[in-house]
Amino acid sequence: MSQDQLSLQQKSTISSSSLDANQLTMLQQATANYSSLQLAWASGYLSAKSESGQSVQLSSAPTVTAAKTLTILYASQTGNAKGVASQVEQSASAAGINTKLINISDYKAKSLKNETHVLIVASTNGEGEPPDDALEFHEFLLGKKAPKLPSLSYSVLALGDSSYEFFCQTGKDFDERLKALGAKQVLPRVDCDVDYDSDSDSWKLSIIDNLKDELIQADVALAPVIDLPVATSSQYSKQNPLAAEFLLSQKITGRDSAKDVRHIEIDLGDSGLTYQVGDALGVYFDNDEVLVEELLAALNISADEQVSLKVSGEQQSFTIKDALTSQLEITQTAPAFVEFWAKQSNSEKLLEIASDKNTAREFAVNNQIVDLVLANKADVSPQAFVDALRKVTPRLYSIASAQAEVEEEVHLTVGLVSYENNGQQRFGGASHFLANRVAEGQQVRVFVEHNDNFRLPSDNNTPVIMIGPGTGVAPFRAFMQQRDADEAKGDNWMFFGDQTFTQDFLYQVEWQNYLKSGLLTRMDVAFSRDQAEKIYVQDRLKEHAADVFAWLERGAHLYVCGDANKMAKDVHQTLIDIIETQGQLNTEQAEQYLKDLRSNKRYQKDVY
Ligand SMILES: Cc1cc2nc3c(=O)[nH]c(=O)nc-3n(C[C@H](O)[C@H](O)[C@H](O)COP(=O)(O)OP(=O)(O)OC[C@H]3O[C@@H](n4cnc5c(N)ncnc54)[C@H](O)[C@@H]3O)c2cc1C
Ligand SMILES: Cc1cc2nc3c(=O)[nH]c(=O)nc-3n(C[C@H](O)[C@H](O)[C@H](O)COP(=O)(O)O)c2cc1C
């Protein structure tokens, strides 16, 4: 279609759907003296009328006085806090409260002094660090320039994971700082663990109950409540996953590798579920029947004992076997369970472990529920046992494909968690499910977790440096597919590492082909066990320090994916060293250089 044809078609579409001159004048006259709130109300009314195709009943025109606004800020890394904040916003709006929902990265912390009511829903990332989007807000609020906030009422909902040392640290930081700045806490902060649904729901209901008298203006008539279709890219979400067809689990490490890494393919079919490179796929899984049976035998509880669990806000009945298979977390142990089991079993050793927070946390990481139960016998009722467990949570996997290349498929690179404990073979819940337990053609429940903090540069000419050892390679396979499809001219430099060249070079042929075609400008690999001394990706970065710095100076975006505990920290420190020596800066300046890259979204991490 030519440009002329396109504009002709656009014109006719616009004119057939808009008002004629007379109608437009009438509308302008009718709304001339409306306030912004009244305009918003009218817009909601008209939109509801057009969406419903019915007439919308109104009792009378609203008399509006200036309503106070409830500002809801979210700080989220992998989408949970964002999801909770949206639910709070929907419920508060439905209750008649004027709300604003804002990603904390789009909010100037200085503006807090102009607010009357603020809610913050914040997760914690790294080791007690704020999510990427909240770094600037956090630094400003906790810094000297933060304004006094005597007129602000607030409450904080903190999301975290009690297996981490700094549980809900970001939420705690915000809460304590707001209090210190003179703001009034409407409700005490609630710290939520990984199964946050019920705690976040209670907080939401209490906060709305607390604020509604203050925030709902008695004389503001509510817009007609009609459920409008929510503008989302897909009907599928964490709450409503897609049952997708499992296509393939293929081992991509060699026979003699110490690791078992799988290339997984899943078919999204004609679901309409789409993703961008940089996103993650959320995967629900059932626990292994063999493990459930071992656990029930260790507990001396029969599989068909009935238990009651709250699911989606409602109390439901299950056999304990079904509850352990599909509802509860049994491969990860929470520190709180260690304490519970220590008391139940009255084991001296376990009571000692439970008495120290750090020891309990470390013990929980290294022992599954069944290991505790086998080693320390206790007589516990089926209901008391399930009440002590957390709800199972879906696992996230960085997407390893681009839809431009694989269309309705989605690919993952999954490392099987497998180890021996006290002579017993133990597996990770989801990785074992994906690697070994789902058959081709079966369905898996999935959703896309969008991640705007891990995106290719919008300008295809921008160079990128990708650092992705082990399964950290996944999103970079997707990046290359996308750069290929876009015919991007920007240079691409990949750092990959693992244990050995012959056994662990994930997607080796693909990388070689990209090098041959010229799409991949450079590749540096580090195989730690192929020589006497260990060599890692950070060593390769150091070897090529001058080039790494030169790429950064010409605008390269830098990406790190994979292990958060050691690799990402070592890479971070190496980057500071490189910037310091190559840029002839002092440590503080080098740190600031990297910080600036991060806030300009030129240094992005997807680490776990
Ligand atoms: C944003 C994001 C992206 C991710 N991307 C990927 C990816 O691309 N590929 C990938 O493979 N993973 C990825 N992960 C990690 C993934 O989500 C899971 O955490 C991982 O697969 C383990 O889950 P699991 O259910 O198999 O194991 P779990 O059931 O969660 O873990 C089993 C338990 O075993 C314990 N354990 C593990 N190893 C040992 C050991 N040696 N000794 C004693 N105890 C042990 C653990 O502490 C844990 O308690 C990502 C995570 C995030 C947050
Ligand atoms: C890499 C990583 C680091 C984390 N670090 C912490 C931590 O230090 N403290 C904590 O309480 N929770 C930590 N968590 C748990 C998250 O805060 C928790 O999963 C939360 O629900 C995520 O919410 P979000 O999706 O909004 O980011 C971490 C999670 C990940 C993946």
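Asp279 is found in the loop between strand S8 (261-267) and S9; helices (H or I, at least four residues) and strands (E, at least two) are DSSP runs, numbered from the N terminus. The model is predicted: local features need pLDDT of at least 70 and side-chain atom pairs count only at pLDDT 80 or more, while totals for chains, interfaces and linings use all residues. Residues are numbered from 1 along each chain as its sequence is written, and chains are lettered from A and ligands numbered from 1 in the order in which they are written.

Is Asp279 buried or exposed? Asp279 counts as buried because it has 23 C-beta neighbours inside 10 Å. A residue is buried if 20 or more other C-beta atoms lie within 10 Å of its own, exposed if 12 or fewer, and partly exposed in between, with C-beta atoms placed from the backbone. Leaving aside neighbours within four places in sequence, Asp279 is in contact with Ile399, Val448, Glu449, His450 and Asn451; contact means that the C-beta atoms, placed from the backbone, lie within 7 Å. Ala400 is 121 residues from Asp279 along the chain, and their C-alpha atoms are separated by 9.2 Å.

## The chain as a whole

The chain holds 23 helices and 21 strands. Of its 608 residues, 38% are buried. Among contacts with a separation of 6 or more, 77% are between residues 24 or more positions apart.

## The antiparallel sheet

Six strands form an open sheet with antiparallel pairing, in the order S12-S9-S16-S7-S8-S13. Two strands pair if DSSP finds at least two bridges between them. S12 and S13 are the edge strands, each pairing on one side only. From one strand to the next, the twist averages 40 degrees. Axes are lines fitted to C-alpha atoms, for helices over the stretch in contact, and angles run from 0 to 180 degrees between N-to-C directions. Helix H16 lies across S7, S8, S9, S12 and S13, and runs at about 120 degrees to S13.

Strand S9 (residues 280-283) is joined to S12 by four bridges, and the two run antiparallel. In this pair, Ala280 stands opposite Ser398. Along S12 (residues 395-398), Arg395 and Tyr397 point one way and Leu396 and Ser398 the other way; all are buried. Strand S7 (residues 242-251) is joined to S8 by six bridges, with Leu248 opposite Glu265 and Gln250 opposite His263. S8 also pairs with S13 in the antiparallel sense, over seven bridges, and there Val261 stands opposite Gly415.

## The parallel sheet

A second open sheet has five strands in the order S19-S18-S17-S20-S21, with parallel pairing. Strand S19 (522-527) and strand S21 (603-607) stand at its edges, each with a single partner strand, so one side of each is left without a neighbour in the sheet. On average, neighbouring strands of this sheet are turned by 10 degrees against each other, direction ignored. Strand S17 (residues 464-467) and strand S20 (residues 557-562) pair over four bridges in the parallel sense, and Met466 stands opposite Tyr559.

## A pair of helices

Two packed helices are described by the angle between their axes and the distance between the axes. The axes of helix H21 (residues 545-553) and helix H22 (residues 567-582) come within 9 Å and cross at roughly 85 degrees. H21 and H22 are therefore roughly perpendicular to each other; angles under 35 degrees count as roughly parallel, over 145 as roughly antiparallel, 65 to 115 as roughly perpendicular and the rest as oblique.

At this crossing, Ala545, Ala546, Val548 and Phe549 in H21 meet Ile578, Ile579, Thr581 and Gln582 in H22. These residues divide into six nonpolar, two polar and no charged. Ala, Val, Leu, Ile, Met, Phe, Trp, Tyr, Cys and Pro count as nonpolar, Asp, Glu, Lys and Arg as charged, and the others, Gly among them, as polar.

## The two ligands

Ligand 1 is surrounded by 26 residues, of which the closest are Thr331, Gly428, Ala430, Ser431 and Tyr608. The elements giving two or more residues to this shell are helix H12 (357-366), S12, strand S13 (409-415), strand S14 (418-421) and helix H16 (429-437). S12 gives the most, with four residues. By class, the shell around ligand 1 has ten nonpolar, 14 polar and two charged residues. A residue is near a molecule or strand if its C-beta atom, placed from the backbone, lies within 6 Å of it.

Around ligand 2 there are 25 residues, and Ser76, Asn80, Ala81, Ser123 and Gly160 come nearest. The shell around ligand 2 has eleven nonpolar, twelve polar and two charged residues.

Note on methods:
Two residues are in contact if their C-beta atoms, placed from the backbone, lie within 7 Å.
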